[in-house]
Amino acid sequence: MPSRKLDIAAVDVFCGAAGLSLGLQASGIRIAAGIDLDPACRYPFEQNIGAAFLERDVAKVRPKEIGEYLEGASVRVLAGCAPCQPFSGYTTKRHEDDDRWELLLEFLRLAKGVRPDVVTLENVSRLANL
(Lines give C-alpha, C1' and ligand atoms only; values in the text may rest on other atoms or scores of the structure.)
Protein backbone atom coordinates (compact mmCIF):
# COMPACT_ATOMS: atom_id res chain seq x y z
CA MET A 1 0.00 0.00 0.00
CA PRO A 2 1.54 3.37 -0.99
CA SER A 3 2.09 5.78 1.86
CA ARG A 4 0.44 9.17 1.76
CA LYS A 5 2.87 12.07 1.95
CA LEU A 6 2.03 14.70 4.55
CA ASP A 7 1.49 18.24 3.35
CA ILE A 8 3.47 20.23 5.90
CA ALA A 9 2.97 23.94 5.29
CA ALA A 10 4.55 26.92 7.01
CA VAL A 11 4.10 30.66 7.23
CA ASP A 12 7.38 32.42 7.99
CA VAL A 13 6.90 35.51 10.16
CA PHE A 14 9.76 38.04 10.02
CA CYS A 15 10.86 36.12 6.90
CA GLY A 16 13.53 38.57 5.79
CA ALA A 17 15.26 37.45 2.62
CA ALA A 18 14.13 33.84 3.20
CA GLY A 19 16.97 32.20 5.15
CA LEU A 20 14.69 30.21 7.46
CA SER A 21 12.26 29.50 4.64
CA LEU A 22 15.02 28.05 2.48
CA GLY A 23 16.00 25.67 5.26
CA LEU A 24 12.42 24.62 5.90
CA GLN A 25 11.80 24.17 2.20
CA ALA A 26 14.96 22.06 1.82
CA SER A 27 13.62 19.77 4.54
CA GLY A 28 10.40 19.19 2.60
CA ILE A 29 8.14 21.80 4.19
CA ARG A 30 5.98 23.81 1.81
CA ILE A 31 6.27 27.54 2.45
CA ALA A 32 2.81 29.02 2.08
CA ALA A 33 3.79 32.65 2.74
CA GLY A 34 6.35 34.96 4.27
CA ILE A 35 5.66 38.13 6.23
CA ASP A 36 8.09 41.01 6.64
CA LEU A 37 7.91 44.77 6.92
CA ASP A 38 11.02 45.39 4.80
CA PRO A 39 10.15 45.85 1.09
CA ALA A 40 13.71 44.89 0.11
CA CYS A 41 12.92 41.33 1.21
CA ARG A 42 10.16 40.81 -1.35
CA TYR A 43 12.35 40.02 -4.36
CA PRO A 44 14.70 37.49 -2.71
CA PHE A 45 11.84 35.82 -0.86
CA GLU A 46 9.63 35.45 -3.92
CA GLN A 47 12.51 34.41 -6.19
CA ASN A 48 14.03 31.88 -3.79
CA ILE A 49 10.84 30.48 -2.27
CA GLY A 50 8.14 31.02 -4.90
CA ALA A 51 5.51 31.80 -2.28
CA ALA A 52 3.39 34.80 -1.37
CA PHE A 53 5.17 37.69 0.34
CA LEU A 54 3.13 39.93 2.63
CA GLU A 55 4.82 43.29 3.15
CA ARG A 56 3.14 43.99 6.46
CA ASP A 57 3.69 45.11 9.99
CA VAL A 58 3.26 41.93 12.05
CA ALA A 59 1.15 43.86 14.55
CA LYS A 60 -1.45 44.37 11.82
CA VAL A 61 -1.56 40.76 10.62
CA ARG A 62 -4.58 38.81 11.80
CA PRO A 63 -4.45 35.12 12.72
CA LYS A 64 -7.24 34.42 10.22
CA GLU A 65 -5.00 35.62 7.36
CA ILE A 66 -2.26 33.22 8.36
CA GLY A 67 -4.79 30.43 8.82
CA GLU A 68 -5.99 30.90 5.26
CA TYR A 69 -2.48 30.30 3.92
CA LEU A 70 -2.22 27.11 5.98
CA GLU A 71 -5.69 25.84 5.16
CA GLY A 72 -5.83 22.21 4.07
CA ALA A 73 -2.30 21.32 5.19
CA SER A 74 -1.87 18.10 7.16
CA VAL A 75 0.57 19.84 9.49
CA ARG A 76 0.45 23.62 9.97
CA VAL A 77 3.65 25.41 11.05
CA LEU A 78 4.11 28.96 12.28
CA ALA A 79 7.79 29.87 12.08
CA GLY A 80 9.66 33.03 12.87
CA CYS A 81 12.97 34.72 13.49
CA ALA A 82 12.18 37.97 15.26
CA PRO A 83 14.88 40.63 15.14
CA CYS A 84 17.23 39.54 17.91
CA GLN A 85 19.16 42.76 18.51
CA PRO A 86 17.19 43.79 21.61
CA PHE A 87 17.84 40.54 23.46
CA SER A 88 21.24 39.59 22.10
CA GLY A 89 24.19 39.39 24.46
CA TYR A 90 25.95 41.88 22.21
CA THR A 91 23.70 44.73 23.20
CA THR A 92 23.51 46.54 26.49
CA LYS A 93 20.08 48.02 25.83
CA ARG A 94 17.33 47.00 28.17
CA HIS A 95 14.18 45.72 26.51
CA GLU A 96 12.19 48.69 27.75
CA ASP A 97 14.33 50.85 25.47
CA ASP A 98 13.66 48.89 22.29
CA ASP A 99 10.26 48.55 20.63
CA ARG A 100 11.36 45.36 18.87
CA TRP A 101 10.64 43.44 22.09
CA GLU A 102 6.99 43.90 21.23
CA LEU A 103 7.50 41.71 18.15
CA LEU A 104 7.81 38.66 20.39
CA LEU A 105 4.43 39.45 21.89
CA GLU A 106 2.96 39.85 18.41
CA PHE A 107 4.33 36.44 17.44
CA LEU A 108 2.75 34.98 20.58
CA ARG A 109 -0.56 36.65 19.69
CA LEU A 110 -0.44 35.07 16.24
CA ALA A 111 0.48 31.64 17.60
CA LYS A 112 -2.44 31.75 20.04
CA GLY A 113 -4.81 32.85 17.29
CA VAL A 114 -3.67 30.48 14.55
CA ARG A 115 -3.18 27.47 16.85
CA PRO A 116 -0.81 25.72 14.43
CA ASP A 117 0.40 22.16 14.97
CA VAL A 118 3.99 23.37 15.28
CA VAL A 119 5.41 26.69 16.43
CA THR A 120 9.08 27.44 15.99
CA LEU A 121 10.75 30.70 16.97
CA GLU A 122 14.46 31.32 16.75
CA ASN A 123 15.75 31.73 20.25
CA VAL A 124 18.57 33.61 21.85
CA SER A 125 19.82 32.16 25.12
CA ARG A 126 19.24 35.41 27.00
CA LEU A 127 15.47 34.99 26.53
CA ALA A 128 15.48 32.07 28.97
CA ASN A 129 16.59 34.36 31.79
CA LEU A 130 13.77 36.89 31.49
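## Ground rules

The model is predicted, and local features are reported at pLDDT of at least 70, side-chain atom pairs at pLDDT 80 or more, while totals for chains, interfaces and linings use all residues. Residues are numbered from 1 along each chain as its sequence is written, and side-chain values use heavy atoms, with hydrogens and water left out.

## Overall layout

The protein has four helices and five strands; these are DSSP runs numbered from the N terminus, with helices (H or I) of at least four residues and strands (E) of at least two. Follow the sequence and you get β-α-β-α-β-α-β-α-β.

Of its 130 residues, 41% count as buried. Buried means under 20% relative accessible area, exposed means over 50%, and partly exposed is in between (1.4 Å probe, protein chains only). A contact is a pair with heavy atoms within 4.5 Å, and among contacts with a separation of 6 or more, 58% join residues 24 or more positions apart.

## The nonpolar cores

In soluble globular proteins, nonpolar side chains tend to be buried together. A nonpolar core here is a set of buried Ala, Val, Leu, Ile, Met, Phe, Trp, Tyr and Cys residues joined through side-chain atoms within 4.5 Å. The largest one has 21 residues, and those touching the most other members are Val-11, Val-13, Phe-14, Ile-35, Ile-66, Leu-70 and Leu-78. Strands S1 (8-13) and S2 (30-36) and helices H3 (63-70) and H4 (101-114) each give at least two residues to this core, with H4 supplying the largest share, six residues.

## The largest pocket

Rolling a probe the size of a water molecule over the atoms shows where empty space is left. On a 1 Å grid over the protein atoms alone, a pocket is an open set of points where a 1.4 Å probe fits, with protein on both sides within 12 Å along at least five of seven lines, and lining residues have an atom within 4 Å of a point. The largest pocket holds about 180 Å³ of space. Its lining has 14 residues, and Phe-14, Asp-36, Leu-37, Val-58 and Leu-103 are the closest to its centre. S2 and H4 are the elements that give two or more residues to this lining.

Leu-103 belongs to helix H4 and is buried, because its relative accessibility is 19%. Apart from neighbours within four places in sequence, Leu-103 contacts Phe-14 and Pro-83.

The structure has zero disulfides, a disulfide being a pair of cysteine sulfur atoms within 2.5 Å. For Cys-41, the closest cysteine sulfur is in Cys-15, 6.1 Å away, so the two are too far apart for a bond. Cys-41 is buried at 9% relative accessible area, whereas Cys-81 is partly exposed at 25%.

Two residues other than glycine have a positive phi: Ala-18, near 95°, and Arg-115, near 55°. Ala-18 sits in the loop between S1 and helix H1 (19-26) and is buried, with a relative accessible area of 0%. Arg-115 lies in the loop between H4 and strand S5 (118-121) and is exposed, at 66% relative accessibility.

Definitions and conventions
Grid points are joined across faces, edges and corners, and a volume is the space filled by probe spheres set on the points.
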